[in-house]
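Please keep the sequence and the 3D view open as you go.

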Amino acid sequence: MTPPSLATSLGPLRLPSPFVLASGILGTYEASLLRVAAAGAGALTTKSCSLAPRAGHPTPCVLPWRGGFINAVGLSNPGVAEEAKVVRAVKEACSTPLIASVFGATPDEFAALASAMADAGADAVELNVSCPNVQSEFGTPFAADAAALKRVTAAAKKALDKTGTPLAVKLSLQCASIGEMARVVEGEGADWVVAINTVGPGMVIDPVTGRPVLSNKRGGVSGTAILPLAVRAVYDIREACPRLPILATGGTSRLEDALQHFAAGAGAVAIGSAVADEGPAIFGRLAKELAGELSRRGLDSIASLIGRAHA
């Protein structure tokens, strides 16, 4: 009996498995990205990079809590020149699709970053327009402003036209309607959306000192606690944009979590916080469990799982 296929697609990008490394986790260095690829991830997403290096926020900037994590890393990264070296090295060393995540302060910066990552050989570019813990520096996130989001997406898409590199946009729940925001980026040519970023910002206060624990005071909340929020976001996007592919991220640590995302309309699922708990082995585990689930249901692919909640 032929085993079921786990292959899926995000727009023009074909993935051997639907389980993707989310941006921000093990995505800074060549060695860590290659470890995740070897563990069976269907695609890799780099940590978001900017034009110039950023130190980010001082420690403590990441805090585990019983529902997951709260973090205000502050988009620390070595800058686009160094990130391009990592992208080239990973692409030379493995065939796993590589998605380069970028962020900027203006549409022109996003365009320049997208172009640089495409030139470095990235298989796709993801626009991080939704980080919730740098608002004091960058103002309202682009993901919460439809007009600004339209300009950023259009600028990046135009920059990528010369190479044909696919474009993804990472959306946020911190907006009036995530479905409407998905329509905005679909109209500007985005090949898929990523939903969602960390939520919040939230805060954790030390009960002994009575003071916020994070140096930034506020940080994005991730982990199992946000799964229902992420599933609802995927569902809303699928209803608003039935033909727009979705990479779900938020709260997935078990197969049943991923099955919810598939049913809501996602074609692939990115894993972030759970990698910090389990390590890269989670990608192989979820793939094996999904293959077993498909066999038990008598299915030969994941296609029939996608969007079942809308039937």
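The largest nonpolar core holds 87 residues, and F19, M117, L127 and L290 have the most contacts inside it. Helix α7 (residues 227-240) supplies the largest share of this core, seven residues. A nonpolar core here is a set of buried Ala, Val, Leu, Ile, Met, Phe, Trp, Tyr and Cys residues joined through side-chain atoms within 4.5 Å; buried means under 20% relative accessible area, exposed over 50%, and partly exposed in between (1.4 Å probe, protein chains only). This is a predicted model, in which local features need pLDDT of at least 70 and side-chain atom pairs count only at pLDDT 80 or more, while totals for chains, interfaces and linings use all residues. Residues are numbered from 1 along each chain as its sequence is written, and side-chain values use heavy atoms, with hydrogens and water left out.

- M117 touches C49, V80, E83, A84, V87, A100, V102, A122 and V125, leaving aside residues up to four places away in sequence (contact means heavy atoms within 4.5 Å).
- A second, separate core has 14 residues, among them L13, A168, V194 and L247.

**Helix α1**
- Helices (H or I, at least four residues) and strands (E, at least two) are DSSP runs, numbered from the N terminus.
- In α1 (residues 30-38), the buried residues are S32, L33, V36 and A37.
- These residues lie on the same side of α1 because they cover an arc of only 145° around the axis, taken from the directions from the helix axis to the C-beta atoms.
- The buried residues of α1 pack against β3 (19-21), β4 (44-45), α2 (80-93) and α10 (281-297).
- Exposed residues A31 and A38 sit on the face of α1 turned away from its buried side.
- G40 follows α1 and has a positive phi, near 110°.

**Strand β14 and its neighbours**
- Both faces of β14 (residues 268-271) are covered, with A268 and A270 buried on one side and V269 and I271 buried on the other.
- β3 and β14 run parallel and are joined by three bridges (two strands pair if DSSP finds at least two bridges between them); F19 has V269 in β14 as its bridge partner.
- β13 (residues 246-249) also runs parallel to β14, with three bridges joining the two, and T249 stands opposite A270 in β14.
- From β13 the chain passes through helix α8 (residues 255-264) to β14 in a right-handed β-α-β crossover: with the strands pointing away from the viewer, the path from the first strand over the helix to the second runs clockwise.

**An antiparallel open sheet**
- Four strands make up an open sheet in the order β5-β6-β12-β11, with antiparallel pairing.
- Its edge strands, β5 (62-65) and β11 (199-202), each pair on one side only.
- Four bridges join β5 to β6 (residues 68-71), and W65 stands opposite G68 in β6.

**Backbone points to check**
- Most residues other than glycine have a negative phi, and most peptide bonds are trans.
- T59 and P60 are joined by a cis peptide bond with omega about -5°, and P60 is in the loop between β4 and β5.
- Another cis peptide bond joins G200 and P201, with omega about 10°; P201 lies in strand β11.
- L26, not a glycine, has a positive phi of about 55°; L26 is in the loop between β3 and α1 and counts as partly exposed at 29% relative accessibility.
- L75, also not a glycine, has a positive phi of about 60°; L75 lies in the loop between β6 and α2 and is buried, with a relative accessible area of 9%.
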